[in-house]
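Hi,

Here is the structure I said I'd pass on to you.

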Amino acid sequence: MSLLEGISAALIGLGLFFFIAGTVGLLRLPDPLSRLHALTKADNLGLSLVVLGLLPHTGGLLPGAKLVLVWLLVLAAGATAAHLVAKRTLRGDGEDAR
């Protein structure tokens, strides 16, 4: 295993750790806004680390650009979904409203 492969494996493993930590936060935290915060922060960092770990293995500029584009689209979709969930929670018309 070369140094680049070791660094890539470490980045991907660290990214998976953050995905797991976000899932644990989603399941364990008490209110919807705390759950949302934990999940979006951990998932954004986890996805970033996984993409960084995969980039050296893409084999060219175009596949790497596609990977970065997918990463940016997922970040935009996650931010939009988090905003909509938070807005509905603050309005109090969701299932978790108290």
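Which residues of H1 are buried? They are Ser8, Gly15, Gly22 and Gly25. Before you read too much into that, keep in mind that this is a predicted model.

What do those buried residues of H1 pack against? Their partner is helix H2, residues 32-54. H1 itself covers residues 3-28, 26 residues in total. From its first C-alpha to its last it reaches 37 Å, close to the 38 Å expected at 1.5 Å a residue.

Ser8 counts as buried because its relative accessible area is 3%, and the cut-off for buried is under 20%. If you leave aside the neighbours within four places in sequence, Ser8 is in contact with Gly53, Pro56 and His57.

You'll find Pro56 in the loop between H2 and helix H3, the latter being residues 61-91. Pro56 is partly exposed, with a relative accessible area of 39%. Again leaving aside neighbours within four places in sequence, Pro56 is in contact with Leu4 and Ser8. Pro56 and Leu4 are 52 residues apart along the chain, yet their C-alpha atoms are separated by 7.8 Å.

Now for the chain as a whole. The secondary structure comes to three helices and zero strands, and from the N terminus on the elements run α-α-α. The radius of gyration is 16 Å, well over the 13 Å that the globule rule gives for 98 residues, so the chain is more spread out than a compact globule. Along the principal axes, the C-alpha atoms fill a box of roughly 55 × 25 × 10 Å.

How much of the chain counts as buried? That comes to 17% of the 98 residues. The chain exposes about 6,800 Å², and carbon and sulfur atoms supply 71% of that area.

As for contacts, take those with a separation of 6 or more: residues 24 or more positions apart account for 67% of them.

Last, the charges. There are 8 positive and 6 negative side chains in the chain. The centres of the two sets lie 5 Å apart.

Cheers

Terms used
Residues are numbered from 1 along each chain as its sequence is written. This is a predicted model: local features need pLDDT of at least 70, side-chain atom pairs count only at pLDDT 80 or more; totals for chains, interfaces and linings use all residues. Side-chain values use heavy atoms; hydrogens and water are left out. Helices (H or I, at least four residues) and strands (E, at least two) are DSSP runs, numbered from the N terminus. The expected span of a helix is 1.5 Å times one less than its number of residues. Buried means under 20% relative accessible area, exposed over 50%, partly exposed in between (1.4 Å probe, protein chains only). Contact means heavy atoms within 4.5 Å. The radius of gyration is taken over C-alpha atoms; the globule rule is 2.2 Å times the number of residues to the power 0.38. Accessible areas come from the Shrake-Rupley method with a 1.4 Å probe; for residues, only the protein chains shown count as cover. Lys and Arg count as positive and Asp and Glu as negative; His and the chain ends are not counted. The place of a charge is taken as NZ of Lys, CZ of Arg, CG of Asp or CD of Glu.
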